[in-house]
Amino acid sequence: MSARRAERLVNLVICLLSTRQFLTAERIRSAVPGYGPGDGSAPGEEAFKRMFERDKTELRDLGVPLETGRNGWADTEDGYRIARRDYELPDIDLTADEAAAVGLAARLWQSAGLSQAAHGALQKLRAAGIDVDSQAAPGIEPRVEASDPAFQPCLDAVRAARPIRFDYRRPGAHDTEARQVEPWGVVSWRGRWYLVGHDRVRRATRCFRLSRILGDVAPAGRPDTVTIPDGIDLTAIVSDSVPPTSRTAVVLIRPGRAQGLRRTATSTGAGTAEGDEFEVSYGDPEALADRLVGFGSAVLALRPPEVRDAVMDRLRRLVAR
Amino acid sequence: MSPTSPTRTLPPTERLPRLLALVPYLQARPGIPVADAAGDFGVTEAQLRQDLELLWMCGLPGHGPGDLIDLSFEGDSVTVTFDAGIHRPLRLTSDEALSLLVALRTLADVPGLAERDVVDRATAKIEAAAGTQAKAPTGLTVNLQDRGAQRPDSDEHLVVLRRALDQQRALHLTYYVAGRDETTERVVDPMRLLLAEGRSYLEAWCRRSGDVRLFRLDRIDAVQMLTEPARVPAEAHPRDVSTGVFRPSAEHDAVTLRLGAGARWVADYYPCERVTEAGSELEIVLRVADLRWVRRLVLGLGTEVTVLDPPALAEEVRQEAAAALAGYQEGP
């Protein structure tokens, strides 16, 4: 923004804050420097109109509550003003430890959009006289990245309550499929971002990894047409989509090896010179087999057969190729 | 500020919101040094002086001497003597309210990170100040819980680490090193806790390796706070994690893998130097500090992955699989 335009806009805000009357564009033009005097020529009037329209848009984008209205029946065109009570941040008083928590919170975001918003919020809190130290709380550095291209459009759709469509690549699949979703929320869980909502094609609640949404996220309906069911827990929906670990396998670990498996397993106390027996809890036998095979000859899957067979099958295929 | 705090660069802000915030900011802090104000707004001192010069030209309609914003300078400090009606900052936008409220809720959910009641009080005040803009921040939920936190004692570990950081005391760690598949004992001087990419890390000066190290919380098997104070050497610098916790480094070995459909997740899960589509498969280049780790990864992926480089790794994997299979044929 040029210095001239910034100066004009600051003057415009001061002018509209200082009036209780609605001011017409023409009165604003004479009260705010920078719009140039009206010479009555058609091109001059046209240029002023465009300039004033752009300035109004700029202020509204910043969140300045620009009111439009007429002072009485005699007015023939709309005027503008800013109601002070709608413009001003209400009184807020944070104690030192509360301000430190806010400072820490503002540092959380590493994505461009949200970190800028947090920085803007801190700027306003400081302007309200609160000392928020964004460097405070030494020793802790929580960070949340939101670099997936689908993040912002999905969040915007959730907040606009607007259905969306996108191409999605399911885990393990190569081809993408077109999805239509009524979005309920965007969730970060265990370092990954998910969109949760109602899948119109599958007619069911679904979670979508944002990193697997390919290409554009496009509207598939009008704003304010998504109804979020009462009492839903977005995080629970995401965590439930991951299988629980409720079954137990028994493995033999060769002496002194596979530390990584030993530390998350429970010793049964049984063991020979061949190795020590451990119990490992699991949900998906295939996933456990992948993990056990990773330890190679250091680990032998004893039971149940669903795990032992899956491990032996993987090893045979590895040797055969 | 402690010597271990990283220097942070603030994101750049737009000039107009800064100008509007600057007037009440200065009014709340008569005689503030210009450099301090510049620091708070994340701009250079020269930029802040330009802002002040611009504000000096602004004021109420009429723009006579008594209508303009008035500033008085004394040495390197500045005071607002007339604010032309900009008494207060602008309200928070819905994005600004959302960014703070969701982040506060996130912090409240992590044990040991911040005092829960402090965070709750701050949240209530921000909500009240944001008014209608605070509606429905429910659409965005962040959980900082460690994705490897199956350990029942990891919350207790976090509390011990927080206490050691607060009291600046050294720690004794029993730590699992995945690359070498071994459990180690060491004394470290804690620098900070880092919660990023779904994991929690302790960044500390490791006396054993004589260097700054990141320790994953889910790999800490035991932690004990020592009575001796932490002594972080002056040359210990926190890692710059602005581009990710682990960055591929040229000193690490490059491994080129071709991933089938069942192994595509690897490209999401580990930081790759390069990812390219190769027909129906995905070709990736990983930089690894320890080839033993990647051998376990590749073994576990079975026939869903093909090792393109280094060729010796492919042979090692095949031999290890044969040795493992032999165990079943002779074994129990």
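## Terms and model

Helices (H or I, at least four residues) and strands (E, at least two) are DSSP runs, numbered from the N terminus. Two strands pair if DSSP finds at least two bridges between them.

This is a predicted model, in which local features need pLDDT of at least 70, side-chain atom pairs count only at pLDDT 80 or more, and totals for chains, interfaces and linings use all residues. Residues are numbered from 1 along each chain as its sequence is written, while chains are lettered from A and ligands numbered from 1 in the order in which they are written.

## A sheet in chain B

In chain B, an open antiparallel sheet of 4 strands has the order β11-β12-β10-β13. Its edges are β11 (272–278) and β13 (305–309) of chain B; each has a single partner strand, so one side of each lacks a neighbour in the sheet. On average, neighbouring strands are turned by 25 degrees against each other, direction ignored (axes are lines fitted to C-alpha atoms, for helices over the stretch in contact; angles run from 0 to 180 degrees between N-to-C directions).

Between β11(B) and β12 (residues 281–288) of chain B there are 6 bridges. B:Glu277 is opposite B:Leu282 in β12(B). Helix α8 (residues 291–301) of chain B packs on this sheet and touches β10 (253–259), β12 and β13 of chain B; residues are in contact if their C-beta atoms, placed from the backbone, lie within 7 Å.

## Between the chains

The contact takes 105 residues from chain B and 95 residues from chain A. Strand β3 (residues 140–142) of chain A runs parallel to β6 (residues 182–196) of chain B, joined by 3 bridges. There, A:Ile140 has B:Leu193 as bridge partner.

Note on methods
Two residues are in contact if their C-beta atoms, placed from the backbone, lie within 7 Å.
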